[in-house]
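Biologist: I would like to go through this structure and ask what stands behind each label. Please show it first.

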Amino acid sequence: MIKSLFNRFFAFPLIIHHPLGLFKQNQSSISMAFNTRIKVKKLLENDLIGQDATLMGWVRTKRSNKNVTFIAVNDGSSIHNYQVVADPAYISEEILKKVTTGACLKITGKIVASQGAGQQAELAASTIEILGEADSETYPLQPKKHSLEFLREIAHLRIRTNTFGAVFRIRHALAFAVHKYFNDKGFFYIHTPIITSSDAEGAGETFKVTILDLKNPPLTDEGKINFKEDFFEKETNLTVSGQLEGELAAMGLAEIYTFGPTFRAENSNTARHLAEFWMIEPEMAFYDAQDNQDLAEDFLKYVISYALENCKDDLEFLDKRAAEEETSKKADQRSEMGLIDRLRFVVENEFQRITYTEAIDILKNSNHNKKKKFQYLIESWGVDLQSEHERYLVEKHFNKPVILTDYPKDIKAFYMRQNDDGKTVAAMDILFPGIGEIVGGSQREERLEYLTKRMEEMHIPTEEMWWYLDTRRFGSTPHAGFGLGFERLVLFVTGMGNIRDVIAFPRTPGHAEF
RNA sequence: UCCUCCUUAGCUCAGUUGGUUAGAGCACAUGACUGUUAAUCAUGGGGUCCUAGGUUCAAGCCCUAGAGGGGGAGCCA
């Protein structure tokens, strides 16, 4: 099996990188010549008229009459297609028959000024090779609008659609912007472990990692599973956060960030949750809560600006798409701003910063609360905010991103720095319209005695966490950090409604297809 | 996990109070058309009405259970 895959892989024409250029060997009947292919994105710059060109890509639509056939080709480099013109005098009927929606082509020809209205230039084909046929009877994608739910079921093919092409190009740009932002600021990219042995943060249900025989696991004298016989000789799981290890790194490199996969086995069935998602977690020594908020706001504005500058066409497409969706909604559910306006608004305006206590006052005195329109009425200080409350603050009261700070300590994690009032901790959540919580962070408790006391109160085993506590024993310093759900960021920037549509192959309860 | 809505052609959907042979657009096939822009026009093929059971003279439509999906909630990023 492995050998046959190996052979198959290397049966392709070998392209060997050589200082003098690319050399091809083992020429097959279809010459690949990747090095001479011109991408649609480049062709659309319309500065190559008169030149010969080779285009490779997938057929989106074909329109034809007796004299001429037009083929819209997309190669993923752009949301836009490039028009290929095939004259039946040069391209055989046999070939044109195989030019169907979804087929993959290699076209050679001359770039000429277009006689039609929709484009400046086009490729007049002298040869068309069918690299891969797509049977039009069974190929599921048509040149029409499909529902996102249907496309989710064919996630292996949906990447070929305009919408998902745009989403994944933007996702890439955002990921790149994340690294660029931190690199330019002197942060170091740390890889924290995927497999961990602690669930100390209590951030949720974990996926277990084991090589034990599930049907017949080794048992201890007490009848429990004996993890001493497991691969790591202890119980292990997939990481729910890289934060604790991130803190360790920040205590030597000062400013670090992680950007990696995160796993939560929660039975969450919502448009905002995934079982496997990507999280960005910066952790900074010598930062207090204020610095942390400043960084998070600056960071979010930077990556969103980056997308606005570098993904114009894709954002315009998604903006138009969202606007069309809006027209089918009821008048009171339509959003006031379009996608691009919304992104600009976030970039150009300061986030609203309020404390939890202030938020409770606003909510308690709101007409919404007095008229009992909240499902959960706000009565007293100390309760956790429901998403209806967060949405009220962000979407109705302030109408912009909100940084909520200084939450009651009892509803937050053990590692957050305790404030002088004895009731609250230096936590921050950043809430975005339509998305809810996009960032959760805090200044960390750097004082050993405060931290151990809090851990004991919350029944966190201090012995197992000796390595974490060591950072407070030796050279401790004020530090802070936050976690940002990458897919939630992509969700906001693309204006998509469901988090399953901003990751290529989503993992959710009951779904690990593809 | 809870609440709620949905499931009819490959896709998106209509289908009246239960009543004869279940429709449309797109897609597909064939043909027409001197440059199209998700081309257009004509003709044609295509159905386990989600599954199982029930009520009825008669079920796409009513009832029960199940499966799949959407939206909302909780948990969170």
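Biologist: Why is Arg 272 called partly exposed?
Modeller: The relative accessibility of Arg 272 is 32%. Buried means under 20% relative accessible area, exposed over 50%, and partly exposed in between (1.4 Å probe, protein chains only). Arg 272 therefore counts as partly exposed. Its place is in the loop between strand E12 (255-263) and strand E13 (276-285).

Biologist: What is this model, and how are its residues counted?
Modeller: This is a predicted model, in which local features need pLDDT of at least 70 and side-chain atom pairs count only at pLDDT 80 or more, while totals for chains, interfaces and linings use all residues. Residues are numbered from 1 along each chain as its sequence is written, chains are lettered from A and ligands numbered from 1 in the order in which they are written, and side-chain values use heavy atoms, with hydrogens and water left out.

Biologist: What makes a stretch a helix or a strand?
Modeller: Both are DSSP runs, numbered from the N terminus: helices are H or I with at least four residues, strands are E with at least two. Chain A has 16 helices and 18 strands. Strand E9, for instance, covers residues 195-196.

Biologist: Which residues form the positive patch with Arg 272?
Modeller: Lys 371, Lys 373, Arg 391 and Lys 396 gather with Arg 272 in that surface patch. Patches are made of residues with over 30% relative accessible area and no salt bridge; like charges are joined within 9 Å, and nonpolar side chains (Val, Leu, Ile, Met, Phe, Trp, Tyr) within 5 Å. Lys and Arg count as positive and Asp and Glu as negative, without His and the chain ends. A charge is placed at NZ of Lys, CZ of Arg, CG of Asp or CD of Glu.

Biologist: Which residues make the nonpolar patch?
Modeller: Ile 194, Ile 195, Ile 211, Phe 231 and Phe 232 make a nonpolar surface patch of about 490 Å². The area comes from the Shrake-Rupley method with a 1.4 Å probe; for residues, only the protein chains shown count as cover. Ile 195 has 37% relative accessibility, so it counts as partly exposed.

Biologist: What makes the backbone at Glu 233 worth a remark?
Modeller: Glu 233 has a positive phi of about 60 degrees although it is not a glycine. Most residues other than glycine have a negative phi. Glu 233 sits in the loop between strand E10 (208-209) and strand E11 (236-238). At 54% relative accessibility, Glu 233 counts as exposed.
Lys 372 also has a positive phi of about 60 degrees and is not a glycine. Its loop runs between helix H12 (367-370) and helix H13 (387-397). With 61% relative accessibility, Lys 372 is exposed.

Biologist: How do you know that Arg 169 and Asp 314 form a salt bridge?
Modeller: A salt bridge is a side-chain nitrogen of Lys or Arg within 4 Å of a carboxyl oxygen of Asp or Glu. The closest N and O atoms of Arg 169 and Asp 314 are 3.0 Å apart, and the pair forms a salt bridge. It links distant parts of the chain, with Arg 169 in helix H6 (residues 162-184) and Asp 314 in helix H9, 145 residues apart. Arg 169 and Asp 314 are buried.

Biologist: How many salt bridges does this rule give?
Modeller: The count comes to 25.

Biologist: Why are Asp 184 and Lys 180 about one helical turn apart?
Modeller: They are four residues apart in helix H6, so about one helical turn separates them. Asp 184 is exposed at 51% relative accessibility, whereas Lys 180 is partly exposed at 33%.

Biologist: What makes Glu 247 and Arg 472 a salt bridge?
Modeller: Their closest N and O atoms are 2.8 Å apart. The pair links distant parts of the chain: Glu 247 in helix H7 (residues 243-253) and Arg 472 in helix H15 (residues 466-473), 225 residues apart. Glu 247 has a relative accessible area of 1% and is therefore buried. Arg 472, at 6%, counts as buried. Glu 247 and Arg 472 are linked with Glu 283 and Arg 444 in a network of salt bridges.
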